[in-house]
Amino acid sequence: MIYLVREYIKYCLIAKNRHGVHSPYVYDFNDRCLSTSIPKEHQRQFKALKNSLLNDQSTIQVTDLGAGSKKMEKDRKVAQIAKISGSRSKYAKLLYRLVRHYQPQKVLELGTSLGLGSYMLASATDEVVLTTVEGCQSTMGVAMKAFPESVKHKVDFIHSDFLSFLKQLKKDQVYDLVFIDGDHKGEKLVEQLDLLKPHIHDETIILIDDIRWSKDMLSTWNSLLQSEKYHLSIDLFKMGIIVPRFHQEKEHFVIRY
């Protein structure tokens with residue numbers, strides 16, 4: 001807790017708002033993307049989905065393939081998972097707004113959990129096709145059962161560990177947006193990004209969750225900021241964004257969110 005408080009203070013001291021950003025891309029992200037309106041129907045559906053999960057007292061056995069939960073045992077109530085691990089409204093809205101604003105057609109999510117973030121990714125536009133990967137069979141089963149039928153046809157649910165899934169991808173499979181949420185190990189994150197390299201393009205947005213989950217994750221995030229593989233990076237405290245954008249000078253931004 002002390003570690004996170006210290007990191008948050010450091011973040012607040014250097015984070016900029018729209019008026020402190022001179023990059024056209026990041027100004028657009030800050031000024032337009034983050035203020036993209038979300039239809040009331042989609043907000044209502046998200047709240048209904050989250051409330052149904054928060055009220056689900058059934059117990060499932062969770063298989064943690066990554067760093068695991070710091071707060072829960074393997075046998076968990078769905079309600080507990082939804083409370084601790086489910087997408088917070090603030091960041092769920094970020095997922096929606098990224099898809100709504102940038103209009104990616106093919107989106108990959110590594111870490112379905114209960115499907116709250118998946119819903120926001122899939123509902124943002126009519127054209128988006130989402131592939132969501134989850135290593136825990138029980139958790140994915142809950143997500144698929146609860147997932148709204150209105151957008152289910154746009155989602156391909158895959159039960160697999162992330163590395164196995166990435167290794168079997170076809171060469172011509174390319175994603176416009178990738179959301180990585182689930183492993184929480186710096187070494188594994190780097191391996192996932194390396195395997196993703198043939199499957200992204202110059203403007204692919206890669207959103208990484210829990211960049212300050214641990215000192216290990218923060219160290220890995222900081223190493224990504226130095227990497228020449230990504231010329232644009234944005235720090236939103238809990239989440240981080242990296243984009244190849246090789247045609248531009250390397251830039252990093254800390255944005256208040």
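**Lysine 167 and the rest of the chain**

Me: Is lysine 167 buried or exposed?
Reply: This is a predicted model, and the cut-off for an exposed residue is a relative accessible area over 50%. Lysine 167 has a relative accessibility of 57%, so the residue counts as exposed.

Me: Which helix holds lysine 167, and which residues does lysine 167 touch?
Reply: Lysine 167 is placed in helix H9, which covers residues 162-167. Leaving aside residues up to four places away in sequence, the residues that lysine 167 touches are Glu191 and Leu195.

Me: What distance separates the C-alpha atoms of lysine 167 and methionine 120?
Reply: Along the chain, lysine 167 and methionine 120 are 47 residues apart.

Me: Is aspartate 181 buried or exposed?
Reply: Aspartate 181 lies in the loop between strand E6 (175-180) and helix H10 (186-196). A residue is called buried under 20% relative accessible area. Aspartate 181 is at 16% relative accessibility, so this residue counts as buried.

Me: Where is serine 23, and what is its relative accessible area?
Reply: Serine 23 sits in the loop between helix H1 (2-14) and H2. Serine 23 touches Glu251 and Phe253, with residues up to four places away in sequence left out. Serine 23 is buried, and its relative accessible area is 5%.

Me: Which residues of helix H2 are buried, and which elements do they pack against?
Reply: Helix H2 covers residues 24-31, and its buried residues are Tyr25, Val26, Asp28, Phe29 and Asn30. The elements they pack against are H5, strand E7 (200-208), strand E8 (232-235), strand E9 (240-243) and strand E10 (251-254).

Me: What is phi of glutamine 103, and what is the relative accessible area of this residue?
Reply: Glutamine 103 is found in the loop between helix H5 (89-102) and strand E3 (106-110). Its phi is near 55°, a positive value in a residue other than glycine. Glutamine 103 is partly exposed, with a relative accessible area of 42%.

Me: How many helices and strands does the protein chain have, and what is its radius of gyration?
Reply: The secondary structure comes to 11 helices and 10 strands. For 257 residues, a compact globule would have a radius of gyration near 18 Å. The protein chain agrees with this, at 17 Å.

Me: What share of the residues in the protein chain is buried?
Reply: A residue needs under 20% relative accessible area to be called buried. Of the 257 residues in the protein chain, the buried share is 53%.

Me: What is the average pLDDT of the protein chain, and over which residues is the pLDDT below 50?
Reply: The average pLDDT is 92, and 95% of the residues score at least 70. One stretch with a pLDDT below 50 has 9 contacts in the model beyond near neighbours in sequence; this stretch is residues 68-72.

Definitions and conventions:
Residues numbered from 1 in each chain as written. Predicted model: local features only at pLDDT ≥ 70, side-chain atom pairs only at ≥ 80, totals over all residues. Heavy atoms only, no water. Helix = DSSP H or I, 4+ residues; strand = E, 2+ residues; numbered from the N terminus. Rg over C-alpha atoms; globule rule 2.2 N^0.38 Å. Buried < 20%, exposed > 50% of the residue type's maximum accessible area, 1.4 Å probe, protein only. pLDDT = per-residue confidence, 0-100. Contact = heavy atoms within 4.5 Å.
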